[in-house]
Amino acid sequence: QQTRQYYDGKLAEHGPTARGVDWNSEESQRLRFRELARLIEDDPGASVLDYGCGYGALRTYLRERGHRGPYIGFDISQRMIDAARAGSADEDARFVADRDALERVDYTLASGIFNVKQATSGEQWKAYVLDTIEDLSRVSQRGFAFNALSLYSDQEKRRPDLYYADPLELFDHCTRRISRFVSLLHDTPLYEFTLLVRLR
């Protein structure tokens with residue numbers, strides 16, 4: 001509930017823009033998309049679930065780069081879903097706010113959903129992260145990808161309301177529990193990392 005309220009507030013303040021989903025700029029948002037999209041770059045006809053879709057910017061990014069398969073955007077914020085629907089005339093795209101309405105897809109991509117913990121404790125948020133990774137796996141047939149703020153970021157620049165994950169711990173978790181085909185990307189100027197998990 002607090003996460004929904006947080007992002008509803010950002011959308012109300014900044015509209016359907018990168019800042020409206022709490023990114024510093026469109027440039028950094030698209031850089032994150034580029035890393036996530038590595039998972040599907042050889043499969044333009046695959047079905048894709050955008051888990052935490054916001055106003056649907058990833059759909060636009062993927063279409064610009066040749067993705068032509070079905071796109072489903074899911075977000076817990078109904079206001080985000082409304083903004084995404086208003087900004088899309090794509091007949092092969094749909095947007096939902098109900099997790100139970102999701103069906104399995106080829107690939108799931110999740111950008112930024114683990115970052116803003118607000119007042120939640122680190123241990124509670126870590127449990128949420130691990131539960132959500134399992135959910136990404138359940139809804140995906142061929143693979144999933146997500147990003148997170150990195151524990152290797154500069155200590156003095158961290159914010160107490162954000163969650164900084166251990167990339168090695170999550171790599172180990174995904175490799176041991178989900179698939180042995182896991183790639184860890186930690187080489188952009190951003191203070192974060194991306195994990196690509198291929199299921200087959």
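Buried means under 20% relative accessible area, exposed over 50%, and partly exposed in between. The exercises below apply these classes, among other terms, to a predicted model.

**Exercise 1. Determine whether R159 and D161 are buried, partly exposed or exposed, and state how their side chains interact.**

Solution. 
Step 1. R159 has a relative accessible area of 39%.

**Exercise 2. Describe the surroundings of R59 and identify its salt-bridge partner.**

Solution. 
Step 1. R59 is found in helix 3.
Step 2. Its relative accessible area is 12%. The limit for buried is under 20%, so R59 is buried.
Step 3. The salt-bridge partner of R59 is D90, and the closest N and O atoms are 3.3 Å apart.
Step 4. D90 sits in the loop between helix 4 (78-86) and strand 3 (93-96), 31 residues apart from R59, and the pair thus links distant parts of the chain. Both residues, D90 and R59, are buried.
Step 5. A polar contact of 3.3 Å also joins the side chains of R59 and T60.
Step 6. Leaving aside residues up to four places away in sequence, R59 touches D50, Y71, G87, S88, D90, A93 and F95.

**Exercise 3. Explain why the salt bridge between E134 and R177 ties together separate parts of the chain.**

Solution. 
Step 1. The side chains of E134 and R177 form a salt bridge of 3.4 Å, N to O.
Step 2. E134 belongs to helix 5 (residues 122-138) and R177 to helix 6 (residues 167-177), so the pair connects parts that are 43 residues apart in sequence.
Step 3. R177 has a relative accessible area of 59% and is exposed.

**Exercise 4. Characterise the packing of helix 2 against helix 3.**

Solution. 
Step 1. The axes of helix 2 (residues 26-37) and helix 3 come within 10 Å and cross at roughly 60°.
Step 2. The crossing of helix 2 with helix 3 is right-handed.
Step 3. Helix 2 contributes Q29, R30, F33, R34 and A37 to the contact, while helix 3 contributes A57, L58, Y61, L62 and E64.
Step 4. These residues divide into 6 nonpolar, 1 polar and 3 charged.

Notes:
Residues numbered from 1 in each chain as written. Predicted model: local features only at pLDDT ≥ 70, side-chain atom pairs only at ≥ 80, totals over all residues. Heavy atoms only, no water. Salt bridge = Lys/Arg side-chain N within 4 Å of Asp/Glu carboxyl O. Helix = DSSP H or I, 4+ residues; strand = E, 2+ residues; numbered from the N terminus. Buried < 20%, exposed > 50% of the residue type's maximum accessible area, 1.4 Å probe, protein only. Polar contact = N/O pair within 3.5 Å; in protein donor to acceptor, adjacent residues only side chain to side chain. Contact = heavy atoms within 4.5 Å. Axes fitted to C-alpha atoms, helices over the stretch in contact; angles between N-to-C directions. Left-handed = near helix turned anticlockwise from the far one by under 90°. Nonpolar A, V, L, I, M, F, W, Y, C, P; charged D, E, K, R; others polar.
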